[in-house]
Amino acid sequence: MMKETLNSHKFYAVWEYKREENDLNEASKNGLQLIKGGCFHSTFRRDHSQRYIYQLDYCTKIPDMDRYIECFQDAGWEYINSTFNGWHYFRRPYSPDLDPEDAKIYTDRESMFEMENRWFARIRAASVIFLLMGLVYVGITLLHGFPVAAEQIPLLLESIIFLLLSATFFLAWRSVSQTRRGERAGFVPPTQIIFPVVLLLLLIGCVMIIFL
């Protein structure tokens with residue numbers, strides 16, 4: 001017997017919100033309807049009787065949540081839930097005759113850019129911070145000279161993690177900038193790959209600290 005609800009632990013970075021929307025829309029097409037969205041955990045209900053279009057909004061400061069939801073409802077969007085870090089999930093019934101403008105909560109570039117500006121500068125700042133931390137860790141490692149001693153390997157792994165995160169955030173910032181200028185988006189490594197790599201490096205570093 002097939003489960004009525006399914007859980008997903010797929011992770012999306014802030015700049016991947018359009019990919020998440022596309023994945024949710026594809027899941028709905030295949031009979032999986034979102035009932036609770038989340039950063040690390042989402043829940044779906046199996047239902048082939050309906051199909052939805054999903055959209056996400058990002059806003060961390062909402063003075064009147066009831067009024068905020070009501071504005072979307074007036075535009076035909078059903079509120080699903082919100083996450084702790086400011087993402088809000090909405091949906092509306094799918095129809096092949098639905099006007100493309102009605103399939104989006106942001107129908108013009110200015111309003112979409114306004115939403116993206118709420119997090120856009122932060123990813124560039126994060127890139128710089130991770131870069132500085134990575135360089136500091138590299139410098140500390142180099143102070144001990146070569147070859148790198150076994151007890152310094154965890155420190156080297158941490159520097160690699162920070163530099164990897166810095167590169168990922170920078171590429172994401174550049175890609176979003178290119179898209180906003182109407183250019184082709186540049187390459188950004190998927191978070192579904194970067195996140196496990198970072199966790200693996202952290203795990204290796206922790207194991208080495210314990211046993212060295």
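Buried means under 20% relative accessible area, exposed means over 50%, and partly exposed lies in between, with a 1.4 Å probe and protein chains only. The tour begins with R118, which is partly exposed, with a relative accessible area of 28%.

This is a predicted model, in which local features need pLDDT of at least 70 and side-chain atom pairs count only at pLDDT 80 or more, while totals for chains, interfaces and linings use all residues. Residues are numbered from 1 along each chain as its sequence is written, and side-chain values use heavy atoms, with hydrogens and water left out.

**The whole chain**

Of the 212 residues, 39% count as buried. The chain has five helices and six strands; helices (H or I, at least four residues) and strands (E, at least two) are DSSP runs, numbered from the N terminus. Read from the N terminus, the order of elements is β-α-β-β-β-α-β-β-α-α-α.

Select residues 42–46, which make up strand β3, together with strand β1 at residues 5–8. These two strands pair in the antiparallel sense over four bridges; two strands pair if DSSP finds at least two bridges between them. Within this pairing, T43 in β3 is the bridge partner of N7.

Strands β2 and β3 form a hairpin, with five residues between them.

Move to helix α1, residues 17–29, where R19 has its place. R19 is partly exposed, at a relative accessible area of 35%. From R19 to F90 the distance is 15 Å, C-alpha to C-alpha, and the two are 71 residues apart in sequence.

Side chains of opposite charge can pair when their charged atoms come close. The structure holds seven salt bridges, a salt bridge being a side-chain nitrogen of Lys or Arg within 4 Å of a carboxyl oxygen of Asp or Glu. To see one of them, select D23 and K10, whose closest N and O atoms are 3.2 Å apart. This pair links distant parts of the chain, 13 residues apart: D23 is in helix α1, and K10 is in the loop between β1 and α1. D23 is partly exposed at 28% relative accessible area, and K10 is likewise partly exposed, at 38%.

**From strand β4 to helix α3**

Show the side chains of D57 and R118, which meet in a salt bridge of 3.7 Å, N to O. D57 lies in strand β4 (residues 52–58) and R118 in helix α3, so the pair ties together parts that are 61 residues apart in sequence. D57 counts as buried, with 2% relative accessibility.

The C-alpha atoms of I105 and D57 are separated by 8.0 Å, and the two residues are 48 apart along the chain. I105 counts as buried at 16% relative accessibility.

**A negative surface patch**

Now select D99, E101, D102, D108 and E110, which form a negative surface patch. Patches are made of residues with over 30% relative accessible area and no salt bridge, like charges being joined within 9 Å and nonpolar side chains (Val, Leu, Ile, Met, Phe, Trp, Tyr) within 5 Å. Asp and Glu count as negative and Lys and Arg as positive, while His and the chain ends are not counted. D108 lies in the loop between β6 (87–93) and α3 (109–143) and, at 35% relative accessibility, counts as partly exposed.

Another salt bridge joins E183 and R181, with the closest N and O atoms 3.2 Å apart. E183 is partly exposed at 41% relative accessible area, whereas R181 is exposed at 53%.

The last stop is helix α5, residues 191–211, in which V207 lies. V207 is partly exposed, with a relative accessible area of 39%. Together with L200, L203, I204, I210 and F211, V207 makes a nonpolar surface patch of about 620 Å². Accessible areas come from the Shrake-Rupley method with a 1.4 Å probe, and for residues only the protein chains shown count as cover.

Note on methods:
Charge placed at Lys NZ, Arg CZ, Asp CG, Glu CD.
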